[in-house]
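Hi,

Here is the model I said I'd pass on. Have a look at it first, then read my notes on how the chains sit together.

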There are 4 protein chains.
Amino acid sequence: MTDVSREPFSFFCKKIRFGLFGKSHGPCIGCVLEGIPAGTPIDEEAVAADLELRKPSKGIGTDRKEADKAVFVSGVKNGAADGTPIRIEIANGNTDGSKYLEFETTPRPGHADMPALLKMPDFDIRGGGQFSGRLTAAIVAAGAVAKGMIESKGIKVGAFCRSIGNVSDDGERTINDAFASRKYPTRGCTAELDSRMNDEIMAARSDGDSVGGVVECIITGLPIGFGGIWFESLDAEIAGAVFGIPACKGVEFGKGFGITSMRGSQSNDGYRMKDGRIVTESNNMGGIVGGMADGQPVVFRAAFKPTPSIAKKQHTVNLKEQCDADLEIKGRHDPCIAPRAVSVVEAVTALIIADQMERGL
Amino acid sequence: MTDVSREPFSFFCKKIRFGLFGKSHGPCIGCVLEGIPAGTPIDEEAVAADLELRKPSKGIGTDRKEADKAVFVSGVKNGAADGTPIRIEIANGNTDGSKYLEFETTPRPGHADMPALLKMPDFDIRGGGQFSGRLTAAIVAAGAVAKGMIESKGIKVGAFCRSIGNVSDDGERTINDAFASRKYPTRGCTAELDSRMNDEIMAARSDGDSVGGVVECIITGLPIGFGGIWFESLDAEIAGAVFGIPACKGVEFGKGFGITSMRGSQSNDGYRMKDGRIVTESNNMGGIVGGMADGQPVVFRAAFKPTPSIAKKQHTVNLKEQCDADLEIKGRHDPCIAPRAVSVVEAVTALIIADQMERGL
Amino acid sequence: MTDVSREPFSFFCKKIRFGLFGKSHGPCIGCVLEGIPAGTPIDEEAVAADLELRKPSKGIGTDRKEADKAVFVSGVKNGAADGTPIRIEIANGNTDGSKYLEFETTPRPGHADMPALLKMPDFDIRGGGQFSGRLTAAIVAAGAVAKGMIESKGIKVGAFCRSIGNVSDDGERTINDAFASRKYPTRGCTAELDSRMNDEIMAARSDGDSVGGVVECIITGLPIGFGGIWFESLDAEIAGAVFGIPACKGVEFGKGFGITSMRGSQSNDGYRMKDGRIVTESNNMGGIVGGMADGQPVVFRAAFKPTPSIAKKQHTVNLKEQCDADLEIKGRHDPCIAPRAVSVVEAVTALIIADQMERGL
Amino acid sequence: MTDVSREPFSFFCKKIRFGLFGKSHGPCIGCVLEGIPAGTPIDEEAVAADLELRKPSKGIGTDRKEADKAVFVSGVKNGAADGTPIRIEIANGNTDGSKYLEFETTPRPGHADMPALLKMPDFDIRGGGQFSGRLTAAIVAAGAVAKGMIESKGIKVGAFCRSIGNVSDDGERTINDAFASRKYPTRGCTAELDSRMNDEIMAARSDGDSVGGVVECIITGLPIGFGGIWFESLDAEIAGAVFGIPACKGVEFGKGFGITSMRGSQSNDGYRMKDGRIVTESNNMGGIVGGMADGQPVVFRAAFKPTPSIAKKQHTVNLKEQCDADLEIKGRHDPCIAPRAVSVVEAVTALIIADQMERGL
């Protein structure tokens, strides 16, 4: 009997069933996409390009190096979906799990370790097991497929870092700014922001510490009325998916939490006619009313906490001895995961839109 | 052929399938709950009590008066679920839809009107149709059933208003404070906060305007490790459901967006042993790591925008004439929906927990 | 708390979700059809016509008289599906359940009574409760909707009685013969067969007894290759649905059980070209190979057992006294249900085809 | 881009989701079983034993030799299900597909070839592709897992050959007879029947022909009342699954088609009390009334057509030339598949029962 998890264990999307599988230190990770219509073009170069953007950057990223080559094991023929489930596998190369074994005894604060160890007697903690952020590579690959589907309908998704630690981007940003951030390792929108964000991350790193950040995502091209209703509304399904990304602690659309101290007369986006089309005078709603697109760009932000794995000494417990303990984490870790989360936010957003599109919402 | 929508059109939960039906100005609204185990006690008094808390309060609430009596049409026998789907219906009494007809021509900013009218040629706009907040009464009734299920396992859910407009509650709050808020119309935690929040709402009302607010929800009693993984994690499913409530523009757990400017050494909740149990030294994570409960109370906040229906003059468009127009909304509206949203947040949270419980997560 | 079952409890179809609800002696029976595409024409006259064919005929049928008027409670607007779930309700008029109460003590052989009473402490036995053949009226109504969908693609379904008791129709029959049987109460294909089948039923009736029969169903117009694969094959899904009809004890396609004593050289349907199209030289497979339509008419037969409710004295047990007992059933019963099952077989077949069509199989 | 189908494409069961994948001449076939409760023992020896019974026997079976070793790739740990999906893979060893290529031009009568080629431009016909009976090995492996689940509740499933061609077993058979048939290559119940059935098969083989057969299946130990209702009834779901097995053309329970010429007074199984338990005086219903078990052994039969691949010359068409053609099939084929279908019938039956058991029906 082998022990290689290759079956999906976590699903989202309804008509397009997305299932994630694998572990950080197993032979591979990957996902299964059911429901992609036969004939949908699968652009493997676009998939590779998105995976490239998710890779850690020199300096601000982890030293773990992975080829991150997505292999379409089934469901694709002659560059297009053949209508059967698509299985994507990405090999795990650089797996030295020995450093993780101590966490079975002294779980890392801020990680899944402690509840996972108490819940699952056989939990394989190496690399964080099935909770590892490494699995987001499979999400990015699937998201690239979804992007192809929605782009053919004129819908685009772009994200960037709105803030890293205390460095915040206060500018008005468009989807083209988001696309421009692909040039910059920190995913800030400008060279100047990239430089400051880089410094913020390196400062934390040199302290053996980490920082968080806010990712902002913009969607353009959604027809007015696009989106489901109530618990199937566009914002509800996007928010649920974004919260599925590890380390996400908050999601807000438009003015978000800031809207709660506004008056309705300020927050409502008034309508005007312009060149024969209905436009809003502001975009406090983030492009969504009643769960549906209102014709403005959809804008939302996601808060990512500081990487919990830090070199600094932390308080933990020794599960075997049932006593207090200290922990200093060695290993290889990103001092800030927000720049790499940008691609993942784009991916889940594209998957939700493609799914709602297929559902005819 | 009649035209009475009594079939659910929006679903959440996986093992417990929850479906919502009805319209603001149809004969009734309601929901269907599939998957409640046979024998689950159904306490109709508890359902009535929760519905009472959702009702508008004198002064700060709308003048629309509804009996809000939940009728268990099927699925319940001798005070317990019989294993078949449970249908709950709540009659619509006070329906004078005539005031809504003008919105077919001049849609209300901040409401679903505009995209709904463009998307659905036959959209029945009276009371906001299927988008009406009135449907939350059915959610509250179903949530009361779910509360009974989870309370029998020692799990409690309580919510309150953390802020209304610019009045903010800066205290440390426990679930008992949340329960205490049931005495106060604004759902503030103390008499003093209730008074100040009431003034904030009445000030907006007297200006023909509205305000928003932040609802905070606390869950206690979840065993360590409770919750699914990735897109089925506890926070992802709660967030998705809370975003399904109309007017919600943001959700954050623990320190939420604030965590992004912290260092990992500050944000990580260190572990200590106390009386033979693992406890955390802080609760920045809001009781959830890796998507699972960590033994601390789960704490999250939801941002509700100001009620979009206001008396003040607003900019809109005339859909027939395809020109700019002004709008002054008469009708009966809550100048702040946050106090009434408190019950709804509790309800969807209880439903998600009951569902994850039934799924064995 | 009321006790009126109006929620579906039994489902089939995958994309078109069909759910059945109600009881023989509740206020109504009915069904819910989810997934009918918006804009699908709903022809209420066609529905009424199919319900008329299911009604008992004078003499050979039960004396219970029901109006069997299908009311489209929701999901239909201006003669077409509006994309939300369609709820069909049929009132129960003629309900005198008092005659059934004795069966709580002395269950009827051949009926669901005994296992239902042992399984469900609160089983409402009047009219057979949720097991009553009366619920097939809702299936016929839904089937009429499905027929409309498939007829628009040139697909037709027709059924008739191949045998009643010992009276067997040995002719070659086409779908036009099946349609012709609508003239005859026994659903035999000719006046002469109708007369002999009528005599067979009346002979059983006058003996206080009942007889069974075989219903044959023919489908034309399916494109070559139509149908799913393995457990989703056309024959597997049709057979499963037909076995869902009460009293069905067997289903066979083409030569059916007779094929097992043939040689492959006899049973294989050889191919020939004819007028530029591929045709088979025989139809032993009943129009299906590999689970898919092969271009021939699909032909299958379903065996319906004799009505278990008979006037003759039978052996049963007294559940209260836990002793042997005799039973003579009074009430109103069809001495042969095969003629009425013809409409139901057509309905479930149309539903399965419509569902596979919508699934793109 | 590789072209190896390893994703399931055909599903049955509802709570236990069973998905089949692979092709006759790909690297492997297999299946995925979701929903097996964590901790369910997985007895790999029992799996191997059932796979052994499905193998072709010397003389009456095909000469294609396969190791048929089921590998549990994921979902099993320390001899038990770990709660995640179980993936079973069985390698394809003996794959020489060259003999199949001619069928792309001249499809085999009685096979899926013709509709598959017309429906799917890229259909890989080697070994019959995804329609190959070889995939039943994966079903048998999954069925062995299900057998373990139901046997722990005292439920047993056993099948045997009731007839082969014109050799019919007219004896009363019990589940122990079914178990005894495991000794005999033809799956007849006695040595004498095995000998006669063997002769029947060898006679067909020597003629370059094939024969069909009837498989009978017996289930014991089901509690009274076990089974769903209407389209989820025990017989409906078993019949649907059995029709999913290739070459099945008929299914009947109890007296089956024979019951249609009986009178109700004969067909009804009267009840008697015996040793404090309710028993029936006969078993014409095959152990099922109202879709539920009545306490008698459940008995059903399935008709399997003669193997369509025969050496004798047959009529077909040339799809390229669009003209009539003749075909003589070489390759390696079972002259009768009924003996090997016995294991598959047992497997799908066990899966359906395990699924209904998990659904609490």
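**How the two chains meet**

In chain B, the residue that comes closest to the rotation axis is Gly240(B), with its C-alpha at 2.0 Å. Keep in mind that this is a predicted model, where local features need pLDDT of at least 70 and side-chain atom pairs count only at pLDDT 80 or more, while totals for chains, interfaces and linings use all residues. Residues are numbered from 1 along each chain as written, chains are lettered from A and ligands numbered from 1 in the order written, and side-chain values use heavy atoms, without hydrogens and water.

About that axis: chain B goes onto chain A by a rotation of 180 degrees with 0.0 Å of shift along the axis, RMSD 0.0 Å (least squares on C-alpha atoms of residues with pLDDT of at least 70 in both copies). That is how a two-fold axis relates its copies.

The contact (heavy atoms within 4.5 Å) takes in 107 residues of chain B and 107 of chain A. The copies meet through the same surface, because 100% of chain B's interface residues are interface residues in chain A too. Buried area (accessible area lost by the two parts on being put together, 1.4 Å probe, summed over both) is about 8000 Å², with 64% from carbon and sulfur atoms. On the chain B side, Trp230(B), Phe231(B) and Lys249(B) lose the most area to chain A, together 12% of what that side buries.

There are also 4 salt bridges across the interface (Lys or Arg side-chain nitrogen within 4 Å of an Asp or Glu carboxyl oxygen). One of them joins Arg272(A) to Asp324(B), with the closest N and O atoms 3.6 Å apart.

Cheers
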